[in-house]
Each structure stands twice: as structure tokens, then as C-alpha cells.
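Here is a short report on aromatic ring pairs and a nonpolar surface patch. Look through the model first, then read on.

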Amino acid sequence: MHGAEIFAFLAFAFIGCFTPGPNVAIAATTGVNHGMRAALPQVAGVPIGFVVMMWVVGMGGMAVLQGNEHLLLVMKIAGNAYLLYLAWKLCFSSKLSNAGTIKPLSLQQAAMFQIVNPKSWMTLVAATSTYAIGHEDFFTRMIWMSLGFAAISAASLVAWAWMGQSLRTWLLVGRRLRIFNLCMGISLALTAVWMFFL
């Protein structure tokens, strides 16, 4: 990749990672309900899962998925069902770190969640098909894309979790936390429904 292409990829990765979606919603909610430290395993796990998936897709995994509509449907249903479950838990959480709050994801859970995260699939399929597949320097491009996505997604999750943690004190007043969790739960549910029909 050179010049304008690098800039275009970085802009794409930044938009894909920083815009609202399941990963950032979970990071922000973890920051609010459990603090920044609890979000760190997710900060490490998401880039690992995403980059591994990107290599699988880049090396031919997409050919397998495109030929199997049933597998795609199962993955789509599983991913969106999990998002709806998380949304349900969020909507009925009203206290910091109580039993009703979403538990922070472990590194392994965050990495594995990317397999059923519709936004991750859309982002990585678009990225690999645009910037890597079919180019002579495929492996070089994939390495640079891996580094770019890993760094930008980790930075995104840190930013969202930090913003969430920064809101903790403010949200303790009155019903603010209840309203915040309800809004985040509804937005996560709407994201799941929207992504299911794409």
C-alpha cells in the first residue's frame, strides 16, 4: 500500500473501529459498571480475534462461507441472539457491578465474540477484499492491515471504556445509571436487528 491507499485504509479502520457497534457498546458499559481495569481483557481480546479472523478470510475462508448459506445464517442468528441477550441484561441493570450487570468479557470471550459479531465480519470482509485480496503484495498488505486494525481497535476500546469510567460518578446521581444502561441496551438491540437484515 502506498500514499493515498494507506490513508484510505487508516480512515476506514478508524471509522470501522470507533463508530458505535457491539464492541464499543460493551467496552463503554464495562467502563461504567466495572471500571477501566475490567475492560482491559476486552481491549486485548478484540484485536486478537479480529486479526485472526481477517487472516482466515484473507486466506480463503470467505470462499467456504460464501458457498454455505446455512453456515452464514447460523452464525448470523448466533451473533445477533448473543447481542440481544446482552441488550436484555443491560436494560434491566440499575446498579454498579450488581448481579444484573453484564459481566466483563475475558480475553478469550472477547476474541471469540468476534466470530459472531456481525460488524466485525462486515468490516473485515470489506477490508480484505478492498485492500489485500488480489494484490501481488498480499502478505505485506495483510501484515500492515493486522497491525493497523489491532492498534486502532485497541485504542477505540480504551477510549470508549475510559469514557464509560469517566461517567461513573455522574451516573450515580438519581436514575442516570438506569437510564444509561437502558439506552445502551436498546441501542445494542437495535444494532443487532439492523445487522441481521443486512
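Is tryptophan 55 buried, exposed or partly exposed? Tryptophan 55 is partly exposed, with a relative accessible area of 25%. The model is a predicted one.

**Aromatic pairs**

The whole structure holds seven aromatic pairs. One of them joins phenylalanine 9 and tyrosine 131 in an edge-to-face arrangement. This pair bridges distant parts of the chain: phenylalanine 9 sits in helix 1 (residues 4–18) and tyrosine 131 in helix 6 (residues 118–131), 122 residues apart. Phenylalanine 9 is buried at 3% relative accessible area. Tyrosine 131 also counts as buried, at 10% relative accessibility.

Tryptophan 55 and phenylalanine 139 form another pair, and their planes lie at 25°, so this pair is stacked. Here too, distant parts of the chain are linked: tryptophan 55 belongs to helix 3 (residues 36–66) and phenylalanine 139 to helix 7 (residues 138–166), 84 residues apart.

| Pair | Centre to centre | Angle of planes | Class |
|---|---|---|---|
| Phenylalanine 9 and tyrosine 131 | 5.5 Å | 75° | edge-to-face |
| Tryptophan 55 and phenylalanine 139 | 6.3 Å | 25° | stacked |

Ring pairs also build a cluster from Phe9, Phe12, Phe50, Tyr131 and Phe149.

**Nonpolar patch**

Which residues make the nonpolar surface patch? Ile48, Val52, Val56 and Leu107 do, over about 330 Å². Helix 3 gives the most to this patch, with three residues. Isoleucine 48 lies in helix 3.

Note on methods
Residues numbered from 1 in each chain as written. Predicted model: local features only at pLDDT ≥ 70, side-chain atom pairs only at ≥ 80, totals over all residues. Heavy atoms only, no water. Phe/Tyr/Trp six-rings, centres within 6.5 Å; stacked < 30°, edge-to-face > 60°. Helix = DSSP H or I, 4+ residues; strand = E, 2+ residues; numbered from the N terminus. Buried < 20%, exposed > 50% of the residue type's maximum accessible area, 1.4 Å probe, protein only. Patch = residues over 30% accessible without salt bridge, like charges linked within 9 Å, V, L, I, M, F, W, Y side chains within 5 Å. Areas by Shrake-Rupley, 256 points an atom, 1.4 Å probe, with all protein chains shown as cover. Salt bridge = Lys/Arg side-chain N within 4 Å of Asp/Glu carboxyl O.
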